[in-house]
Structures are given as C-alpha cells and as structure tokens.
Amino acid sequence: SHASDLDEQTLIDALERAQHAQLIEELSTRRDVSFSFTHALIPSTLYEGISALRRRPMHRRAAESIEALRPGDYESLAHHFAAAGDRVKAIDYSRKAAGRSNGVHAYDASKRYLTIALSLLDAGEMPETRLGLLEELADAHRMLGEQTEAIPIYQEALNVW
C-alpha cells in the first residue's frame with residue numbers, strides 16, 4: 001500500500017488476521033482483490049482506538065499518497081492535511097474544495113470548507129489569506145440569500161484589509 005510503511009508480507013499477514021477475525025471480507029474479481037469492513041462501525045471504532053500521536057503521521061502518509069495519486073481530490077486532501085497538523089496545505093486544499101463547490105453552486109459545502117480554513121488560522125496570522133477567505137465566505141452566504149450573515153463577514157474582511 002502506498003500509504004503504509006509495512007512491507008508486502010507484513011501487510012498480507014495483517015489482512016489475513018483481520019479477515020480471520022471477521023473484521024474484513026475479501027472482495028475478489030478477475031482483475032484484482034480488495035477488502036471491505038464487515039460492519040460500518042468497525043472503521044470508526046478502530047480509528048478511536050488509535051492515539052492522537054499515532055493518527056497525525058497516519059494522516060500525513062494518507063495525504064501524501066492522495067496528493068501523489070489523486071491530486072484533484074481537494075476534499076480528502078483538506079481533511080487529511082488538517083488532521084496531520086499541516087495547516088498551510090489544509091487551508092489551501094479547503095479553499096480549492098470551496099472553489100470547486102462554488103463552481104457547481106454548492107454554496108453550503110463552500111461555506112463549510114471556508115469556515116474550516118478560517119478556523120485553522122491563528123489571530124492575526126496570514127492576513128491576505130484571511131481576507132480572501134472572509135470575502136469568499138461572505139460571497140457564499142450572499143449567493144444563498146443570507147445577506148444578514150454576509151454583512152458582518154464583509155465587515156470583518158474590511159477590518160482585515
């Protein structure tokens with residue numbers, strides 16, 4: 001696996017143990033083999049059992065793999081870089097995800113990504129980026145007919161400017 005530090009034999013052993021424990025099931029076709037969790041709650045249960053210290057490097061490897069293999073998957077990249085603690089890349093990909101959402105008139109999604117990006121900035125940090133994010137967030141509110149919500153955001157952008 002591109003995102004794993006495990007060698008192939010260790011990975012196969014781990015997959016076989018998980019299959020034997022009925023955590024995953026094999027989904028084979030003539031062309032390839034894949035695996036699926038046997039229950040929808042297993043991934044979240046496993047994730048919660050991993051300490052925050054271990055999660056960060058895992059998210060970093062996932063982000064780097066996605067960046068190499070699917071560089072246009074802005075939404076996943078934003079999530080994994082944020083979870084990895086790489087605020088600059090998380091902000092960049094969140095903004096790109098918001099831009100793509102705007103392009104298909106999904107302004108609620110755009111607001112979500114822009115709000116996440118703004119939450120990753122510390123007070124007074126990267127004022128040019130903050131200004132752009134605020135303007136884009138206010139525009140998304142305006143496109144949804146939410147002028148009352150847009151006005152204070154435009155005011156905050158003006159203050160940053």
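**Reading the chain**

Modeller: The chain has 8 helices and 2 strands, where helices (H or I, at least four residues) and strands (E, at least two) are DSSP runs numbered from the N terminus. The model is predicted: local features need pLDDT of at least 70, side-chain atom pairs count only at pLDDT 80 or more, and totals for chains, interfaces and linings use all residues. Residues are numbered from 1 along each chain as its sequence is written, and side-chain values use heavy atoms, with hydrogens and water left out.

Colleague: In what order do the elements of the chain run from the N terminus on?

Modeller: The order is α-β-β-α-α-α-α-α-α-α. The radius of gyration of the chain is 20 Å, well over the 15 Å from the globule rule for 161 residues, so the chain is more spread out than a compact globule. That radius is taken over C-alpha atoms, and the rule is 2.2 Å times the number of residues to the power 0.38. Along its principal axes the C-alpha trace spans about 60 × 30 × 25 Å.

Colleague: Which residues in H5 are buried?

Modeller: An α-helix has 3.6 residues a turn, so residues three or four places apart point the same way. In H5, Ala90, Ile91, Tyr93, Ser94, Ala97, Ala98 and Ser101 are buried (under 20% relative accessible area, 1.4 Å probe, protein chains only). Across the chain, 28% of the 161 residues count as buried.

Colleague: What follows H5?

Modeller: His105 follows, with a positive phi near 60 degrees.

Conventions:
Buried < 20%, exposed > 50% of the residue type's maximum accessible area, 1.4 Å probe, protein only.
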